[in-house]
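Please open the model in your viewer and keep the selection panel at hand. The tour below goes from one selection to the next and says what is to be found at each stop.

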Amino acid sequence: MADLAQSPLAALLGTPGELPLDRAVALLAAEEQPGVEADAIVASLDALAASLRIPANVTPFEAVARLNHHLFIESGFVGEDADYYAPHNSFLDVVLERRRGLPILLAIVYIEVARRAGVQVDGVGFPGHFLVGVGGRDDVPRFFVDPFHGGNRLTMDGLRKRLKAMEVPREAWALALAPSDARQILLRMT
């Protein structure tokens with residue numbers, strides 16, 4: 001990784017409080033790729049979200065359906081199976097350009113497009129496969145979305161069964177299904 005001691009990313013990471021996820025991941029991509037501009041990456045996210053309209057009064061289920069249609073049908077985002085471990089799958093600018101990427105990068109795109117559309121979703125550091133969490137507030141049961149697999153909707157019970165099958169200790173399940181903040185997401189990326 002590039003020397004981050006005096007970098008814009010290091011400066012951002014040194015600020016207290018919540019980080020802007022889009023800016024942090026864009027700066028990470030810019031640090032690692034000469035000639036890539038973080039502002040251009042953030043502008044690409046803005047452009048991607050610009051045509052998406054989600055009324056404020058729709059249910060989280062309807063909001064997710066609209067997000068899924070926009071990202072996976074209209075915009076063509078898919079999980080990268082063929083070349084999963086290629087380094088370019090870890091850079092937000094490349095994922096935005098190619099419309100293919102790793103679970104965590106597709107989740108970041110999902111989170112940021114949702115945020116721009118006024119929909120509250122969060123990253124979920126599920127073991128081995130990053131997801132997006134929705135609901136859990138205002139009498140809406142929490143459910144999950146898998147951006148790597150076209151926005152498949154997953155339930156809490158279904159993910160608990162997966163954790164059990166993976167032999168994850170029951171006392172770790174809450175953490176595996178908890179929201180991840182921007183710092184936790186960046187840590188998982190590195």
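Is the crossing of helix 2 and helix 6 left-handed or right-handed? To look for yourself in this predicted model, select helix 2, residues 21–32, together with helix 6, residues 103–116. The crossing of these two helices, helix 2 and helix 6, is left-handed. Their axes lie 10 Å apart, and helix 2 and helix 6 pack at an angle of about 140 degrees. Helix 2 and helix 6 are therefore oblique to each other.

Now show the side chains where the two helices meet: Leu21, Asp22 and Val25 come from helix 2, while Leu105, Ile108, Ile111, Glu112, Arg115 and Arg116 come from helix 6. Sorted by kind, the residues of this contact of helix 2 with helix 6 comprise five nonpolar, no polar and four charged.

Stay with one of these residues and centre the view on Asp22, whose place is in helix 2. Is Asp22 buried or exposed? With a relative accessible area of 7%, Asp22 falls under the 20% cut-off and is therefore buried. If neighbours within four places in sequence are set aside, the residues in contact with Asp22 are Val42, Leu45, Glu112, Arg115 and Arg116.

Helix 3 passes helix 6 in a right-handed crossing. On the helix 3 side the contact is made by Val42, Leu45, Asp46, Leu48 and Ala49, and on the helix 6 side by Val109, Glu112, Val113 and Arg116. In the contact of helix 3 with helix 6, six residues are nonpolar, none is polar and three are charged.

Helix 6 passes helix 9 in a left-handed crossing. To display the contact, select Ile104, Leu105, Ile108 and Ile111 of helix 6 with Ile185, Arg188 and Met189 of helix 9. The residues of this contact of helix 6 with helix 9 divide into six nonpolar, no polar and one charged.

How many residues does the largest nonpolar core have? The largest nonpolar core has 53 residues, and those with the most contacts inside it are Phe77, Val109, Tyr110 and Met189. Helix 6 gives the most to this core, with ten residues. Apart from this core lies another, of eleven residues, among them Leu159, Leu163, Val168 and Trp173.

Return to Tyr110 and display its surroundings: leaving aside neighbours within four places in sequence, Tyr110 is in contact with Val64, Leu67, Asn68, Leu71, Phe72, Val121, Val132, Val145 and Pro147.

From there, move to strand 3, residues 121–124, and select Gly123, which lies in this strand. Gly123 is buried, with a relative accessible area of 2%. Not counting residues up to four places away in sequence, Gly123 touches Ile111, Phe130, Leu131, Ala178, Pro179, Ser180 and Ile185. If you draw a distance from the C-alpha atom of Gly123 to that of Val168, which is 45 residues away along the chain, the separation is 19 Å.

The last stops are in loops. Arg137 is in the loop between strand 4 (131–134) and strand 5 (143–146), and at 41% relative accessibility Arg137 counts as partly exposed. Beyond its neighbours within four places in sequence, Arg137 is in contact with Gln120 and Asp122.

Two further loop residues deserve a look at their backbone. Most residues other than glycine have a negative phi. Arg99, however, has a positive phi near 65 degrees; select Arg99 in the loop between helix 5 (92–98) and strand 2 (100–101), where Arg99 counts as partly exposed at 26% relative accessibility. Glu167 also has a positive phi, near 60 degrees, and is placed in the loop between helix 7 (156–165) and helix 8 (173–177). Glu167 is exposed, with a relative accessible area of 70%.

Definitions and conventions: Residues numbered from 1 in each chain as written. Predicted model: local features only at pLDDT ≥ 70, side-chain atom pairs only at ≥ 80, totals over all residues. Heavy atoms only, no water. Core = buried A, V, L, I, M, F, W, Y, C linked by side-chain atoms within 4.5 Å. Buried < 20%, exposed > 50% of the residue type's maximum accessible area, 1.4 Å probe, protein only. Helix = DSSP H or I, 4+ residues; strand = E, 2+ residues; numbered from the N terminus. Contact = heavy atoms within 4.5 Å. Left-handed = near helix turned anticlockwise from the far one by under 90°. Nonpolar A, V, L, I, M, F, W, Y, C, P; charged D, E, K, R; others polar. Axes fitted to C-alpha atoms, helices over the stretch in contact; angles between N-to-C directions. Parallel < 35°, antiparallel > 145°, perpendicular 65-115°, else oblique.
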